[in-house]
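Trainee: I would like to go through this chain label by label. Please hold each value against its cut-off.

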Amino acid sequence: MGYGLLAGAIAAEVLATTSMKYSDGFSKLWPSLVTGIGYVVAFALLAQALKTLQVGTAYAVWAGAGTAAVAAIGILFLGETLSLAKVAGIALIIAGVVVLNLGGAH
């Protein structure tokens with residue numbers, strides 16, 4: 001159950017962050033509302049997930065998966081460039097989350 005809530009928190013955070021790009025500095029109403037609501041939902045779901053998951057593991061997965069997903073969205077849909085440094089950074093984030101989980105942080 002905890003990982004399901006965490007997945008929902010990640011999805012809400014990714015939606016909120018992507019919507020922030022479209023809010024044009026919070027000058028557009030609907031993307032701004034989606035951003036605000038998305039972050040409230042993300043933190044509410046993360047708080048519920050923390051009832052059963054350790055904070056270090058949950059936060060590492062939440063932050064790492066969110067960062068990797070937003071970077072991929074930027075590259076695939078927002079015209080951002082793909083570089084070796086970005087690929088390496090995402091790979092290091094994923095490796096860090098894996099090592100944290102394998103290291104008994106849960």
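Mentor: Start with the surface. Accessible areas come from the Shrake-Rupley method with a 1.4 Å probe, and for residues only the protein chains shown count as cover. By that method the accessible surface of the chain comes to about 6,400 Å², and 76% of this belongs to carbon and sulfur atoms. The model is predicted: local features need pLDDT of at least 70, side-chain atom pairs count only at pLDDT 80 or more, and totals for chains, interfaces and linings use all residues. Residues are numbered from 1 along each chain as its sequence is written, and side-chain values use heavy atoms, with hydrogens and water left out.

Trainee: Which elements does the chain have?

Mentor: The chain has four helices and zero strands. Helices (H or I, at least four residues) and strands (E, at least two) are DSSP runs, numbered from the N terminus. The order is α-α-α-α.

Trainee: Why are helix 1 and helix 2 called roughly antiparallel?

Mentor: Helix 1 (residues 2–22) packs against helix 2 at about 160 degrees, with the axes 7 Å apart. Axes are lines fitted to C-alpha atoms, for helices over the stretch in contact, and angles run from 0 to 180 degrees between N-to-C directions. Angles under 35 degrees count as roughly parallel, over 145 as roughly antiparallel, 65 to 115 as roughly perpendicular and the rest as oblique. The angle of about 160 degrees is over 145, so the pair is roughly antiparallel.

Trainee: What makes T35 buried?

Mentor: Its relative accessibility is 2%. Buried means under 20% relative accessible area, exposed over 50%, partly exposed in between (1.4 Å probe, protein chains only). T35 is therefore buried. T35 sits in helix 2 (residues 29–49). Beyond four places in sequence, T35 is in contact (heavy atoms within 4.5 Å) with A16, S19, M20 and F26.

Trainee: Why is the pair of Y59 and W62 called tilted?

Mentor: The structure holds two aromatic pairs. In the pair of Y59 and W62, the centres are 5.5 Å apart and the planes 50 degrees apart. Rings of Phe, Tyr and Trp (its six-membered ring) pair if their centres lie within 6.5 Å; planes under 30 degrees apart count as stacked, over 60 as edge-to-face and the rest as tilted. At 50 degrees, this pair is tilted. Both residues lie in helix 3 (residues 55–77), three residues apart.
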